[in-house]
Structures are given as C-alpha cells and as structure tokens.
Amino acid sequence: MTKMKLGVEEYIDSAHHLPGHESCGIVHGHTYKVEVVLEGEKKPSGMVIDFYDVKQTVRSTLKEYDHCMLNDIMEYPSSENLCEHIYNRLSQQLDFPLSVKVWEGHGKWCQLSGIN
C-alpha cells in the first residue's frame, strides 16, 4: 500500500481578545485559514478517503468557531490554543494521523501535527 497525504483548506471569521495582552487585549477579529492534512494508505478504491467526507467533517467542526467570540469557547484564544482545540476535535472524528495549521490573517500561522 502507498501512504499519501491529503489536505483541505477552510476559512472561519471570528472575534477574540487576549486578556492581559498589550495590543490584542481589546476585542478584534480575524479571518482564519485552517488547513487540515491527513495521512493514510491508499485503498483498493484508489482513495485514502473521499475529499467530500473530509470537507464535511472539517466544516462541521469549524462551525463552532465561525462568526463567534472565541473567548466564549476557550479562556485564552491564542492561535496556538485555537489550533490545539481544533486539532483535538478533528482527531476524535478522523481516524488518521493529521496535521492542523491555522493562519491568523496573513503571514502568521501555528501548526500542530501528529504526522511524522
């Protein structure tokens, strides 16, 4: 069997503030790009998993974070904590080693990976 990586990207818009942070302590928002990469064996069907199924799972999970106040979901919604939160939710739903990368706007990102 051949191991392959598959990836999808989605976007969420969310507001947050970082308590005690000098410039990010006031409420503001970001468009976050979320990239999810999973790794698995190609099955006889020719696919590791159908992209449709991955997109549906990712979209369903990200609904919780879209157009909301992230402080209502986690105490300190840094990019790192958001990435970890999304990773933990998706790893419970997708039975593959995966990686989650979250961009906070342009040029800034955090990644958590269970892929070697």
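1. Glu10 counts as buried, at 13% relative accessibility. The classes are buried under 20% relative accessible area, exposed over 50%, and partly exposed in between (1.4 Å probe, protein chains only). The model is predicted: local features need pLDDT of at least 70, side-chain atom pairs count only at pLDDT 80 or more, and totals for chains, interfaces and linings use all residues. Residues are numbered from 1 along each chain as its sequence is written, and side-chain values use heavy atoms, leaving out hydrogens and water.

2. Glu10 has a salt bridge to Lys55, at 2.6 Å from N to O. The term means a side-chain nitrogen of Lys or Arg within 4 Å of a carboxyl oxygen of Asp or Glu. Glu10 sits in strand 1 and Lys55 in helix 1 (residues 51–62), so the bridge ties together parts 45 residues apart in sequence. Helices (H or I, at least four residues) and strands (E, at least two) are DSSP runs, numbered from the N terminus. Lys55 is partly exposed, with a relative accessible area of 22%.

3. Arg59 also forms a salt bridge with Glu10; the closest N and O atoms are 3.1 Å apart. Again distant parts of the chain are linked: Arg59 is in helix 1, Glu10 in strand 1, 49 residues apart. Arg59 is partly exposed at 40% relative accessibility. Shared partners join Glu10, Lys55 and Arg59 into one salt-bridge network.

4. How many salt bridges does a search of the whole structure find? The search gives four. One of them joins the side chains of Lys33 and Glu9, at 3.7 Å from N to O. Lys33 lies in strand 2 (residues 28–41) and Glu9 in strand 1 (residues 3–16), 24 residues apart. Glu9 is partly exposed, with a relative accessible area of 38%.

5. Four strands form an open sheet in the order 1-2-3-4, with antiparallel pairing. Pairing requires at least two DSSP bridges between two strands. Strand 1 and strand 4 (109–113) are the edges, each pairing on one side only. Strand 2 and strand 3 (residues 98–104) pair over seven bridges, in the antiparallel sense. Glu35 stands opposite Lys101 in strand 3.

6. Helix 1 packs on the sheet and touches strand 1 and strand 2; its direction makes about 25° with that of strand 1. Helix 2 (residues 79–93) also packs on the sheet, touching strand 2, strand 3 and strand 4, and its direction makes about 145° with that of strand 3. Contact means heavy atoms within 4.5 Å. Axes are lines fitted to C-alpha atoms, for helices over the stretch in contact, and angles run from 0 to 180 degrees between N-to-C directions.
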